[in-house]
Amino acid sequence: MKKGFSGSLLAGCAGAALCAVFLAGPAFAADKTIKIGNVEPLSGPSASVGIQGKQAREMAVEEINAAGGIKSQGGAKLELVYADSKSDPTVGVTETERLINTEKVNLVTGCWNSAVTYPATQVAERYGIPFVVPVAVRDTITERGFKYVFRVAAKDSWWVRDQFRFLKDMQDETGVKLTKIAFLFENGDWGTGFAEKWREMAKKDGYEIVLDEPYPSTATDLTPVVTKLKSARPDIVMLVSNAADAILLTNTMAEMQLKPKVVLASGGGHADPKFLENTDQNALGIFDEVEWNTDVNKAGAKAANEKFKKKYGYDLTGESVDAYAAMYVIADALERAASTDPQKVRDALAATNLTAGPAMIVSYDGVQFDETGQNKNAGIVIIQVAEINGKPERVTVWPKSARRAGYTPAFPANK
Amino acid sequence: MTAVIQAALNGIMMGAMYGLTALGLTLIFGVMKVVNFAHGSLLMVGMFSAYWLIRLTGIHPYLALCIVPPILFVFGYYLQDVVIKPVFKAERQVREPLTVIIVTTGVWYVLDNLALMLFGAEYRTVRTAISNKSFALGEFIISVPKFSGFVAAMLTAAGLALFMRKTKTGMALRATSLDREAANLMGIDQYRVYNIAFGLGTAIAGIAGCVLIPFYYVYPSVGVVFDIRAFIIVVLGGLGSIPGALLGGLVIGLIESVFSQFMASTWTEAIIYAIFLVILFVKPSGFFGHKQDW
């Protein structure tokens with residue numbers, strides 16, 4: 001009896017569901033979704049930043065959909081489709097192909113790693129599918145005459161330019177003269193790209209390069225590199241590190257009792273929220289270049305960060321803010337394009353001039369792409385890890401106009 | 001010169017730990033004649049066990065060294081008994097059962113992804129009583145966690161060698177490794193021996209996990225980083241050889257550390273593989289390997 005009852009209930013449910021499908025059929029068709037493919041490192045050495053980007057995208061898309069989706073397209077909802085690049089260029093390329101051909105996405109975003117973004121954007125260009133790059137800083141990504149590639153973040157030559165501006169400004173401000181500089185960078189596209197520009201800038205600014213060393217991000221031990229750094233006796237150590245190696249490097253330097261006067265990192269691993277948690281006191285004094293910091297003076301930034309922290313348990317980072325803003329850039333373009341036709345979306349993206357809305361929690365004043373697809377307004381800040389109320393915290397120090405009130409940077413950080 | 005000696009000291013300590021990560025692999029291979037592709041994942045399990053134990057209870061990592069390996073032994077014992085043994089039995093007639101290798105690959109994927117699901121992809125480190133401590137030896141700096149790792153590796157290798165020589169179980173392991181048919185005829189239960197070998201191999205991965213956690217971070221695919229090295233070390237030292245694994249580890253550690261003082265550290269990887277190839281040409285069975293007829 002009991003069995004018979006549940007059986008008929010099941011049949012009834014199925015029938016009702018079937019009816020619902022039939023009835024709702026036309027309504028569903030009008031309620032279309034626009035698919036955004038995202039190639040991100042969701043496993044492997046950069047997985048933690050990939051997942052941050054994923055969560056930032058999710059928060060933005062939830063907000064956009066809750067606010068009625070793309071109104072010019074009948075309130076179409078955005079749908080995120082993810083692919084794991086594993087930080088591997090080959091995987092990134094095949095996954096981009098798959099997103100475009102199998103998943104039929106309307107746009108692609110990604111891929112954080114420059115080495116992955118470089119070939120993946122090429123795939124999108126070939127198919128004529130717009131590719132929005134929130135972060136991946138290698139210059140050449142937007143320097144190949146591509147029509148479908150747009151970058152929200154600053155490119156690495158700007159990062160390097162600002163790093164050296166910071167060094168000069170701080171030396172002028174404090175009257176400390178530093179001459180010997182060491183470069184230590186991960187041996188991927190990102191690190192080597194930075195290093196090339198460092199060499200030019202260091203020569204121009206008259207620094208003496210005492211060490212110029214690439215290292216593999218997957219190293220099990222960085223003591224040899226730190227030993228080498230120690231015997232080079234640099235005043236300034238410039239770093240480009242992914243997440244895991246940034247932690248290992250900082251802890252190894254503490255262990256080997258190496259305290260350079262200035263350590264200046266380039267975001268990435270050093271900007272990872274897990275970095276401070278895993279290095280704690282060892283990170284004090286480190287300068288890091290980022291696009292965004294929680295104390296940045298922008299309307300809505302604090303609220304967005306609180307919302308994000310409540311949802312996912314950690315602070316927003318420059319990179320996740322870029323991913324967040326990229327979703328609004330896409331929504332804005334789709335709104336103006338009033339179509340999912342790749343050509344029209346592309347043209348709308350190229351005409352972007354976004355200066356208001358939730359996306360403007362970024363540290364710069366707007367998103368506007370130049371003819372190469374680079375956001376001309378993207379900017380950078382430099383922070384220092386300092387002990388505030390007994391806990392290491394990231395404090396904005398440069399440009400001086402953005403410096404947190406009442407904070408005097410420790411420059412040099414060590415005597 | 002100071003830097004080179006400093007690098008050599010560090011290379012020896014790291015090398016011993018690389019050897020330790022390879023010990024379990026070489027033991028399992030020696031006895032079961034199976035390349036255990038899940039070895040890196042077992043190391044990951046060991047690291048996560050040590051991580052959570054220290055994180056949640058705040059005990060000293062040396063104490064964790066007494067708790068984690070026995071747990072891992074039981075884990076490995078039953079992993080072999082429940083998952084791998086049935087495949088072994090089905091492939092009884094085959095000398096080198098390929099399907100077992102595929103099963104270990106499956107275990108690798110399952111464990112790694114299980115960890116990804118449970119703990120997420122982020123890097124985790126735990127501050128232990130010996131983390132970031134170092135002492136000076138003349139003008140050289142010796143890291144405390146690495147030094148204790150070195151000592152643990154040496155003791156483990158010595159203990160394992162002693163166990164294999166002096167105990168009845170150890171002799172049964174060796175007999176099975178030499179000729180499993182004959183050992184079977186002598187009344188040794190082949191599958192029980194496999195269980196023990198796999199359990200021991202996993203327990204050693206647990207020791208390695210405890211030793212690494214005070215200075216290294218753990219994440220679900222951390223095993224892969226050590227795994228590739230462990231394979232090279234095992235082949236370099238001679239398949240199934242305990243001193244071979246230790247020596248192989250030391251060689252790799254020294255190359256990695258010392259050579260990087262003279263060239264970009266990315267090059268040392270290439271040099272490790274080059275030396276590996278040379279040794280394969282000159283002595284295909286590795287430092288301590290002997291020609292095997294299987």
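## Helix packing in chain B

Helix axes are lines fitted to C-alpha atoms over the stretch in contact, and the angle between two of them runs from 0 to 180 degrees between N-to-C directions. In this predicted model, the axes of α9(B) and of helix α10 (residues 242–259) of chain B come within 7 Å and cross at roughly 120 degrees. The two helices, α9(B) and α10(B), are therefore oblique to each other, and the crossing in which α9(B) passes α10(B) is right-handed. On the α9(B) side the contact is made by B:R229, B:I232, B:I233, B:V234, B:L236 and B:G237, and on the α10(B) side by B:G244, B:A245, B:L247, B:G248, B:G249, B:V251 and B:I252. Sorted by class, the residues in this contact of α9(B) with α10(B) are eight nonpolar, four polar and one charged.

Helix α9 (residues 222–237) of chain B also meets helix α2 (residues 39–57) of chain B, where the axes come within 8 Å and cross at roughly 130 degrees. Here too the orientation of α2(B) and α9(B) is therefore oblique, and their crossing is right-handed. From α2(B) the contact draws on B:H39, B:G40, B:S41, B:L43, B:M44 and B:M47, while α9(B) supplies B:V222, B:G223, B:V224, B:F226, B:D227 and B:A230. This contact of α2(B) with α9(B) has seven nonpolar, four polar and one charged residues.

## The contact between the chains

Chain B gives 28 residues to the contact and chain A gives 30 residues. On the side of chain B that touches chain A, the elements that give two or more residues are α1 (2–32), β2 (140–143), α9, α10 and α11 (265–282) of chain B. The largest share of that side, six residues, comes from α1(B). By class, the residues of the side of chain B that touches chain A divide into 12 nonpolar, 13 polar and three charged.

## Overall form of chain A

The secondary structure of chain A comes to 12 helices and 14 strands. With a radius of gyration of 24 Å, close to the 22 Å that the globule rule gives for 415 residues, chain A is as compact as a globular protein of that length. Its C-alpha trace spans about 80 × 55 × 40 Å along the principal axes of chain A.

Of the 415 residues in chain A, 52% are buried. Among the contacts in chain A between residues at least 6 apart in sequence, 68% join residues at least 24 apart.

## A buried helix in chain A

In helix α7 (residues 223–232) of chain A, eight of the 10 residues are buried, so this helix is largely enclosed by the rest of the structure. The buried residues of α7(A) are A:T223, A:P224, A:V225, A:V226, A:T227, A:K228, A:L229 and A:K230. Just after α7(A), A:R233 takes a positive phi of about 45 degrees.

## Backbone features to inspect

Two cis peptide bonds can be located in chain A: one joins A:G110 and A:C111, with omega about -5 degrees, and another joins A:W398 and A:P399, with omega about 0 degrees. A:C111 lies in the loop between β3 (107–110) and α4 (114–127) of chain A, whereas A:P399 is placed in the segment after β14 (391–398) of chain A.

Positive phi values also occur at residues other than glycine, including A:D280, where phi is near 50 degrees, and B:N132, where phi is near 60 degrees. A:D280 belongs to the loop between α9 (273–279) and β10 (287–290) of chain A, and B:N132 to the loop between α4 (98–119) and β1 (134–137) of chain B. A:D280 has 19 other C-beta atoms within 10 Å and is partly exposed; B:N132, with 19 other C-beta atoms within 10 Å, is partly exposed.

Definitions and conventions: Residues numbered from 1 in each chain as written. Chains lettered and ligands numbered in written order. Predicted model: local features only at pLDDT ≥ 70, side-chain atom pairs only at ≥ 80, totals over all residues. Helix = DSSP H or I, 4+ residues; strand = E, 2+ residues; numbered from the N terminus. Parallel < 35°, antiparallel > 145°, perpendicular 65-115°, else oblique. Left-handed = near helix turned anticlockwise from the far one by under 90°. Contact = placed C-beta atoms within 7 Å. Nonpolar A, V, L, I, M, F, W, Y, C, P; charged D, E, K, R; others polar. Rg over C-alpha atoms; globule rule 2.2 N^0.38 Å. Buried ≥ 20, exposed ≤ 12 C-beta atoms within 10 Å, placed from the backbone.
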